[in-house]
Amino acid sequence: MGRQLTLHILRYNPDKPEVKPYLQPFKLEEEERMTLFVALNKIREEQDPTLQFDFVCRAAICGSCGMLINGKPTLACKTLTKDLPNEITLMPLPVFQMLGDLSVDTGTWFRELNIKTEAWIKTEKKFDPTALEDRMSNDEALAIYEADRCIECGCCIGGCATANINPDFLGAAGINRVARFMVDPRDERSEAEYFEIVGTGEGVFGCVGLMACDDNCPMEIPLQEQLAYVRRKMALAGIKM
Ligand code: FES
């Protein structure tokens with residue numbers, strides 16, 4: 001017989017603001033190799049079909065299942081219950097708009113982030129479908145690949161002190177996105193243009209260096225290194241301007 005787990009889950013429906021948020025305890029028996037994805041689905045199937053939470057891939061790819069698990073922002077589908085105590089508290093990620101219970105809207109936030117950072121290759125080069133592919137060095141390709149591993153789960157944002165008090169802060173995911181284009185040799189933006197986007201208190205200079213983003217990234221992207229890279233570039237650009 002497995003352990004008896006108690007999941008204390010934050011319940012709130014923004015469409016019924018008269019019912020204040022509360023923690024509802026759910027008991028269930030732990031199974032071998034059980035993840036929080038399995039636990040939450042069991043609760044929804046067997047105990048409360050109204051429980052709201054998000055999952056798509058179950059494999060740490062889609063970034064939908066970010067939540068606070070005993071206070072730590074991380075992915076529920078990647079979290080085994082055996083690594084948690086008997087009492088587990090689940091809350092939605094802060095900063096993002098709450099849709100209900102554990103479900104938050106990260107999509108709108110990330111779409112706005114992509115628009116703010118203009119997260120696409122900017123070049124004057126005309127597209128030529130007959131041309132050979134642009135070449136780049138292995139190091140450049142690897143640096144782009146590293147930044148592109150971000151699954152936009154929002155865990156770095158939910159755990160970030162600055163993002164929690166400044167809704168306009170780009171956060172580690174945003175700064176990582178900017179780093180991705182800065183290292184891309186096809187992007188022709190000048191440092192001054194990047195400075196406009198990220199050389200501000202809402203950008204790279206808003207970070208106070210608590211490093212929660214780095215600690216909480218489920219993909220283990222070295223976010224503080226990305227931040228240091230962009231900050232160095234922007235500090236030099238600021239001196240030249
Ligand atoms: S369900 Fe896709 S990352 Fe967890």
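The dialogue below goes through the sheet, the hairpin, the helix packing, the domains and the backbone angles.

Tutor: This is a predicted model, in which local features need pLDDT of at least 70 and side-chain atom pairs count only at pLDDT 80 or more, while totals for chains, interfaces and linings use all residues. Residues are numbered from 1 along each chain as its sequence is written.

Student: In what order do the strands form the open sheet?

Tutor: Strands of a sheet pair through backbone hydrogen bonds, either parallel or antiparallel. Here, 5 strands form an open sheet in the order S2-S1-S5-S3-S4, with mixed pairing. Strands (E, at least two residues) and helices (H or I, at least four) are DSSP runs, numbered from the N terminus. Two strands pair if DSSP finds at least two bridges between them. S2 and S4 are the edge strands, each pairing on one side only. From one strand to the next, the twist averages 35°.

Student: In what sense do S1 and S5 pair?

Tutor: Strand S1 (residues 4-11) and strand S5 (residues 87-91) pair in the parallel sense, over 4 bridges. Leu 7 has Ile 88 in S5 as its bridge partner. H1 packs on the sheet, where it touches S1, S2 and S3, and its direction makes about 100° with that of S2. Such angles run from 0 to 180 degrees between N-to-C directions, and axes are lines fitted to C-alpha atoms, for helices over the stretch in contact.

Student: How many residues lie between the strands in the hairpin of S6 and S7?

Tutor: The hairpin of S6 and S7 has 2 residues between the strands, and Asp 101 takes a positive phi near 50° in this hairpin. Strand S6 (residues 97-100) pairs with strand S7 (residues 103-105) in the antiparallel sense over 3 bridges. Gln 97 stands opposite Asp 105 in S7.

Student: At what angle do helices H6 and H9 pack?

Tutor: Two packed helices are described by the angle between their axes and the distance between the axes. Helix H6 (residues 171-182) packs with helix H9 (residues 223-240) at an angle of about 60°, and their axes are 9 Å apart. The residues of this contact of H6 with H9 comprise 9 nonpolar, 2 polar and 1 charged. Ala, Val, Leu, Ile, Met, Phe, Trp, Tyr, Cys and Pro count as nonpolar, Asp, Glu, Lys and Arg as charged, and the others, Gly among them, as polar.

Student: Into which domains is the protein chain divided?

Tutor: The protein chain is divided into domain 1 (4-104) and domain 2 (117-240), with bounds that come from an automatic or database domain assignment. In all, 15 residues of domain 1 are in contact with 12 residues of domain 2; contact requires C-beta atoms, placed from the backbone, to lie within 7 Å. S4 gives the most to the side of domain 1 that touches domain 2, with 4 residues.

Student: Why does Arg 33 count as exposed?

Tutor: Arg 33 counts as exposed because it has 9 C-beta neighbours inside 10 Å. A residue is buried if 20 or more other C-beta atoms lie within 10 Å of its own, exposed if 12 or fewer, and partly exposed in between, with C-beta atoms placed from the backbone. Glu 118 counts as partly exposed because it has 17 C-beta neighbours inside 10 Å.

Student: What is the phi of Arg 33?

Tutor: Most residues other than glycine have a negative phi, and most peptide bonds are trans. Arg 33 has a positive phi of about 60° although it is not a glycine, and Arg 33 lies in the loop between strand S2 (22-29) and helix H1 (36-46).

Methods: Two residues are in contact if their C-beta atoms, placed from the backbone, lie within 7 Å.
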